[in-house]
Amino acid sequence: MRTRTRTTVAVLAATLALSAVTTAGASTASAASAAPAAAVTRTVADDPVPPRDDSGAAAPAPTAPTGGDPTGPAGGDPTGPAAGTATPGGDPAGGTVKTPADPAAPPASSHCTETAAQELGWGAPARESDFDGTTVPPDWHPYGPEPGHNKKGTRTPEAVTVADGAMTISADADGNTGAVSWHPGQRYGRWEACVKSDEGRGGINALLLLWPVAEDFPVGGEVDWMEIMDDSRQKTSFFLHYGPGNDQDYGSVKHDSTQWSAYALEWTPEKITAYVNGKEWYSNTDTDQFPPRPMNMTMQLDYFGNAGGPTAMHMDWARQWALPQSTVATLSLPPGSAATGQPRDFPDRKPRELSEPEQQAQTAMLAREHR
């Protein structure tokens, strides 16, 4: 089980349509980008819910980061923190970049009409998924079958389905649930997804997160930018995991996530910021806590071993933007292949250097997706 180190982070939030945020954790002070914005009072308090391990296994023994890919073949992000240096036209000062391009309007059928992309003018995404078919898209990779979070229950691809314009992860009282990751990943960028979570009972968490492509947690970091732990789905938590000892920074916001909501994350070299329905609710400028290498977006419904009944979470669409500083991961998964949260037990499912035919298939898939 993970332990949490409490530190201090200052969060300023735009409270138009959001209730007050309570946080425990640490970071340097930052200001909310929306105006007018009211400062949110932070209190240092223990989170009553134990921290979780997305890998589904006990945290590996602490190891010192090396800047390369410690788990797989050469070809990860060998440059470490120096990668993704600023280029002309980027945001050398960090923070939110307002793009002069046309805003990325949600699809006409979107359940989420208020988004960070619209509010902040992020422009057209580099990638998007609208789940219009009846099968999981080939760049989304269901986990398993494998043991679930902390070796409890089972993550199974059968729990991830697509129908009626949405991708759904279902969970039952026996701990059968699922997770699905989006590849290829990148270092730095923006992500936004329109999601909602059904009420649950007894400990099934709904999550959107960034997970290290190199599968080198904890040194590779983890960014849980939407973790909903309470059964009523009325509170969203943020966990930023960092360092070989799995230290964590924490924030939370009261929000009704049983309604369709647009959750967004922006990760620049200088700042990590979370939004819901276009309003900032968490930020961190302590760059020592940032992931050192590329990450990929993951959607999970995690079982904590005491589930009292079925539940589900749903995604209407997902989008990803690259920044001028972004670097694309060279490790990936072949289109349509299975993923894992437990690479030591299932090494054949972890991201790797793709063969030339696999890379060609992925390139063609991404080109079709971008049309």
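Is His255 buried or exposed? His255 is buried, with a relative accessible area of 13%. Buried means under 20% relative accessible area, exposed over 50%, and partly exposed in between, with a 1.4 Å probe and protein chains only.

Before I go on, the ground rules. This is a predicted model: local features need pLDDT of at least 70, side-chain atom pairs count only at pLDDT 80 or more, and totals for chains, interfaces and linings use all residues. Residues are numbered from 1 along each chain as its sequence is written, and side-chain values use heavy atoms, with hydrogens and water left out.

Now confidence. pLDDT is the predictor's confidence in each residue, from 0 to 100. The chain has a mean pLDDT of 77, and 70% of its residues reach 70 or more. Over residues 1-104 the pLDDT is below 50. That stretch still has 267 contacts in the model beyond near neighbours in sequence; a contact means heavy atoms within 4.5 Å. Where pLDDT is low, the predicted coordinates should not be read in detail.

Back to His255. Look in the loop between strand 14 (247-254) and strand 15 (261-267). Helices (H or I, at least four residues) and strands (E, at least two) are DSSP runs, numbered from the N terminus. The His255 side chain makes a polar contact with the side chain of Ser261, at 2.8 Å. A polar contact is a pair of N or O atoms within 3.5 Å; within protein, one must be able to donate a hydrogen and the other to accept it, and residues adjacent in sequence count only if both atoms are side-chain atoms.

Next, Tyr282. Tyr282 sits in strand 17 (residues 279-284). Tyr282 counts as buried, at 0% relative accessibility. Its side chain has a polar contact of 2.4 Å with the side chain of Asp249. The side chain of Asn284 also makes a polar contact with that of Tyr282, at 3.2 Å. Ile272 is ten residues from Tyr282 in sequence, and 8.1 Å away in space, C-alpha to C-alpha.

On to the aromatics. How many aromatic pairs does a search of the whole structure find? Eleven. Rings of Phe, Tyr and Trp (its six-membered ring) pair if their centres lie within 6.5 Å; planes under 30 degrees apart count as stacked, over 60 as edge-to-face and the rest as tilted.

Take Trp122 and Trp321. They pair edge-to-face, 5.1 Å centre to centre, with 70° between the planes. Trp122 is in the loop between helix 1 (116-120) and strand 1 (127-129), Trp321 is in strand 19 (residues 311-321), and the two are 199 residues apart. Both are buried.

Then Trp191 and Trp267. This pair is stacked: 6.5 Å centre to centre, 25° between the planes. Trp191 lies in strand 10 (residues 189-197) and Trp267 in strand 15, so the pair ties together parts 76 residues apart in sequence. Trp191 and Trp267 are both buried.

There is a cluster as well: Trp122, Tyr275 and Trp321.

Last, the disulfide. The whole-structure search finds one. A disulfide is a pair of cysteine sulfur atoms within 2.5 Å. Cys112 and Cys194 form it, with their sulfur atoms 2.1 Å apart. The torsion about the S-S bond is about 85°, so this disulfide is right-handed. Cys112 is in the segment before helix 1, Cys194 is in strand 10, and they are 82 residues apart. Cys112 is buried at 3% relative accessibility, and Cys194 is buried at 0%.
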